[in-house]
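Reader: I would like to learn how to read a sheet and its loops. Could you walk me through this one?

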Amino acid sequence: MKPPRTCRPAEILCLVVCCAAGCLLNLAGFTRGNEPRNITASVNSNVSMSCAAAWKDVQLSEVTVNCQTDSHEVVHSFRDDEDDLTNQAERFRGRTEVIHKDIRNGKASLLLKNIVPNDMGTYHIYFFHHGGYEHCIFHLQVPGMSV
Ligand SMILES: *[C@@H]1O[C@H](CO)[C@@H](O)[C@H](O)[C@H]1NC(C)=O
Ligand SMILES: *[C@@H]1O[C@H](CO)[C@@H](O)[C@H](O)[C@H]1NC(C)=O
């Protein structure tokens, strides 16, 4: 009987190096996407928050977009080739959109319409494609409404 096949040192080394490289790339992507952006929108206006990823020309069915507030309220969600608003917070109902054409080109754009004072706050866009993801943070200011 042959002994079970074991990894050769070269294979193990390759695995370690590849893992390390992958982690570095992920970290770099995360750091870039993670830089919070300040945006300003006046009451009754529409605002767009865009999160660009490294991938391009993907199938809509291969990506997931989750837009959330800091307190984990669902603002908008897109998965399995369609918008999924089952868990959307009531206050965002009918006021959100993600631009499907942009998603295909590696950009997750959340459109928030008819801004109200209470929309002020922090928004997260999580953009997944196969193993990778991008995370963008936005601080939305609604001027004239600060205490
Ligand atoms: C965003 O605004 C905060 C305070 O309102 C400020 O500290 C920060 O530097 C701003 N960030 C950018 C990228 O402008
Ligand atoms: C915001 O978007 C809605 C729906 O697309 C549109 O009817 C409205 O005119 C827009 N408002 C502004 C200020 O652009």
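Author: Let us start with one residue pair: V65 has F78 in β4 as its bridge partner. Before going on, note that this is a predicted model, in which local features need pLDDT of at least 70, side-chain atom pairs count only at pLDDT 80 or more, and totals for chains, interfaces and linings use all residues. Residues are numbered from 1 along each chain as its sequence is written, while chains are lettered from A and ligands numbered from 1 in the order in which they are written.

Reader: What counts as a strand, and when do two strands pair?

Author: Strands are DSSP runs of E with at least two residues, numbered from the N terminus, and two of them pair if DSSP finds at least two bridges between them. Here, strand β3 (residues 63–69) pairs with strand β4 (residues 74–79) in the antiparallel sense over 4 bridges. The two form a hairpin with 4 residues between them, and H72 in that turn has a positive phi of about 65°.

Reader: Which strand does β3 pair with over 7 bridges?

Author: That is β8 (residues 121–129), again in the antiparallel sense. Within this pairing, C67 stands opposite I125.

Reader: What is the strand order of the whole sheet?

Author: The sheet is open, with 6 strands in the order β1-β9-β8-β3-β4-β5 and mixed pairing. β1 (37–40) and β5 stand at the edges with a single partner strand each, so one side of each has no neighbour in the sheet. The parallel case is β1 with β9, over 4 bridges; there, I39 stands opposite L140 of β9.

Reader: How should I read phi in the loops?

Author: Most residues other than glycine have a negative phi. In the loop between β4 and β5 (82–83), D80 has a positive phi near 50°. D81 lies in the loop between β4 and β5 too, and its phi is positive at about 75° although it is not a glycine.

Reader: Is D80 buried or exposed?

Author: A residue is buried if 20 or more other C-beta atoms, placed from the backbone, lie within 10 Å of its own, exposed if 12 or fewer, and partly exposed in between. D80 counts as exposed because it has 9 C-beta neighbours inside 10 Å. D81 is exposed as well, with 11 other C-beta atoms within 10 Å.

Reader: What does P143 touch?

Author: Contact requires C-beta atoms, placed from the backbone, within 7 Å. P143, in the segment after β9 (132–141), touches T40 and S42, not counting residues up to four places away in sequence. P143 and S42 are 101 residues apart in sequence, yet 6.2 Å apart in space, C-alpha to C-alpha.

Methods. Contact = placed C-beta atoms within 7 Å.
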